[in-house]
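Please read it alongside the sequence and the structure shown here.

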Amino acid sequence: MSAPAKQPDVIVVGLGPAGATAAYAMAKAGMKVLALEAGPQRTKDDYRLDELTESVFQRARLGPKFNQELQTWRRAEGEPTGPATYSLGKMNNGVGGTVVYSAWLRRYMPGDFAIRSNTIERYGEDAIPLGSAMVDWPITYDDLEPYYTAVEKMIGVSGIAGNIRGEPVKGGNPFEGYRSEDYPMPPLRMAGLSDAFRQACEAMGYHPYPVPAGINSVPHDGRPACTYCGYNAFFGCHIDAKSTVDLTFVRKALATGNLEIRTESRVLRVTTNAKGQASGVDYIDAEGTLGHLDAPIVVLAAYTFENVRLLLLSKNDKSPTGLANRHGQVGKYFTPKQLPRTLGILPGHTVNRFTGPSAQGMLIDDFLSDNFDHTGLGFIRGASLGVIQQSQPISVSKDTLPPDVPSWGRKYKEHLVKNWNSYFAIEAQPEGLMYDANFLDLDPVVRDTSGLGLPVIRITFQQYENELKIIRFVRERSKELLRQMGIEKIWTGPELTGVGSSHDLGGLRMGVDEAASVVNADLMTHEVQNLYIMSGATFPSVPGINPTLTIQAVSWRAADRLALEWSRGRAL
Amino acid sequence: MPQEPIAKGLVPGPEAFAFLTRSEAATAQAAMARIFPDDDLGPGAVEAGTVYYLDRALGGAELHLQEIYRAGLKALNAVSATRFGHAFAISTPAEQDELIGAMVSDTLPDFGRAPTAPAFFNILRAHTLEGMFSDPVHGGNRNVAGWRLLGYLGPQPAYSHAEQQLDAVIVRDRIFTAADYPLDTPETAK
């Protein structure tokens, strides 16, 4: 592969939501951006409506690199290590990254950025769970609000705003923070199941709102409206109605003329110079040729696991335990999202959940974050609850069964045939507190199967009391809602749904204290001042809210500030 | 008059196996037929051809399971021979159910450890369900038997708002499959 004509101003590793958003911001500011993406560039014609091959629950065809380096898992230090388990966690590889996401683009709550101080203020110091590592973010909702709005406009979000410049809007989420502008599109249409759930919520005094979705509810930005075919989350959209960063940020970044993309180029390590600064990256291209690229600034924007892995694999004489790891913080406070479900059969009805995208759903945030009084409950924080569309036959056939139904034979078949189109789940997204004992490092034994044979990430993770109490509490609320909908047959899925969830956050925490975090509020590593991490790995907490929109907002803000510093440096 | 192809009978047809031996295929099919039986409720593993799905999976996307299958099917036949005096595939349905139930409850001490009986059951069950309900292009779900059983319409291009309501009856003139979405569309070819 030929060398670029001129050294880039910055190398971006990974062109998913974080990398694409940052690449756009920097390219727009005039920086020459070279993006290295391990996967290919795909278009809508590359996506199949085939559950077996595409779905992340099945073969996850779109994530060949991820599948070669599946993580290992142990519950605690000293316990045996086995394969990791995944709920939604198999990632795809390719330009756009998010092409298989469910496109739930929710903002974090203003209070989510100050969970430690808010908890102490409302419930006292004793309410902080033992062993937890709860901290406030070094940035606030106010810092991010303009970026949230900008991402929503660029991606194209369909939804009902709940709070426009402080004015409540009927039908929206009354708990959300203020937004400076309405969503660019009306919400996706309401499915029958969502409507039934909405009525039950309202009867119980809760505040249902439609999922804000990065899916066109009407034709938008030269792309068509969703046809509700039901192959959306865990699939690439075959008509480009789902709004992903390859169709938005990457296209617009390319239009500046300042972005060069090298696909099928897998970065192996960040290199450093004599002064300990990042000097570029070593990588391997599609033909298997090893190469090196120089750049004055390096941005790591791969997935959580890979960003941590790259820093640890970049160890050298000066940084023997890994780059930016002087204080042993790389890998710490890792937390995957759990997605526990409470299931029920709507008696005598069909729900037709095989139609429509999963984002065509209805949510309540009444039990999320600190939106309710926890006094006397014995736990802090909470979960959102909702119903979604998009079931598919293989997933349905492998779904959690009621305790009285065996997993095979005629009784199983009878249950499946009778109920596959009548059951659904109330899906919970609980917050996960971070703990000192939950972390990522390199597996000492297991290597990837890519041919390179580099160590894979080892996950050390278990759930603690506070999170189990959140799950059990919202399950009771879910059962009440199901009963309100006329459902008697109710059962629950597992409390631990996987250590890979696609909402896997932490590991490279952002913070002010150099000894207790890896990057600062501008996502620059404390130790290597021309190395940036743009990723959910930098999140100091894991709210019960889909993280992608916040990953993009945080990355855009950081990239703007990086570009400003760069332009000042040039002016000198 | 068109000439009959001489080698007609020798062309590997859809009933042939690329990885499984015929006796392994018989064992696997017998187990799958108890996991998802063909009965008065509708088609099951035999009619849907789940064993052909399995054979194709083991020869391609799931090469890594070849050894596990070979060992698991052998172990299943061994415990069947010990307990009933004959191979699993020619055991009675009641005998087969007894062994599968014992695999699930991990009460087959002589099954072996590589794979364990519950682990092998889980793999067999997953392949049975994938063979029932994956797109027919993968070798199972023959004549869309699995989707017909459920009333699933396959990957239809669109649903209307009315069709998304509770109890809406969705009518289509046919079930769609992957064959309805050729990747090389005229638009791409341009």
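Which residue of E15(A) is the bridge partner of A:Pro210? The partner is A:Met362. This is a predicted model, in which local features need pLDDT of at least 70 and side-chain atom pairs count only at pLDDT 80 or more, while totals for chains, interfaces and linings use all residues. Residues are numbered from 1 along each chain as its sequence is written, and chains are lettered from A and ligands numbered from 1 in the order in which they are written.

**The antiparallel sheet**
- In chain A, 6 strands form an open sheet in the order E7-E15-E16-E17-E14-E20, with antiparallel pairing; strands here are DSSP runs of E with at least two residues, helices are runs of H or I with at least four, and both are numbered from the N terminus.
- Because strand E7 (209-210) and strand E20 (490-492) of chain A each have a single partner strand, they stand at the edges and one side of each is left without a neighbour in the sheet.
- E7(A) is joined to strand E15 (residues 362-364) of chain A by 2 bridges, the two running antiparallel, where pairing requires that DSSP finds at least two bridges between two strands.

**Helices on the antiparallel sheet**
- Helix H6 (residues 192-203) of chain A lies across E15, strand E16 (383-387) and strand E17 (423-430), running at about 25 degrees to E15(A); axes are lines fitted to C-alpha atoms, for helices over the stretch in contact, and angles run from 0 to 180 degrees between N-to-C directions.
- Helix H11 (residues 465-484) of chain A lies across strand E14 (341-345), E16, E17 and E20, and runs at about 145 degrees to E17(A).

**The parallel sheet**
- An open sheet of 5 strands in chain A has the order E8-E2-E1-E12-E22, with parallel pairing.
- Strand E8 (259-262) and strand E22 (531-533) of chain A stand at its edges with a single partner strand each, so one side of each is left without a neighbour in the sheet.
- Strand E2 (residues 33-36) of chain A pairs with E8(A) in the parallel sense over 4 bridges, and A:Leu36 has A:Arg262 as its bridge partner in E8(A).

**The contact between chains A and B**
- The contact takes 35 residues from chain A and 43 residues from chain B, two residues being in contact if their C-beta atoms, placed from the backbone, lie within 7 Å.
- On the side of chain A that touches chain B, the elements giving two or more residues are helix H2 (51-54), H6, helix H9 (393-397) and helix H10 (409-419) of chain A.
- H10(A) gives the most to this side of chain A, with 5 residues.
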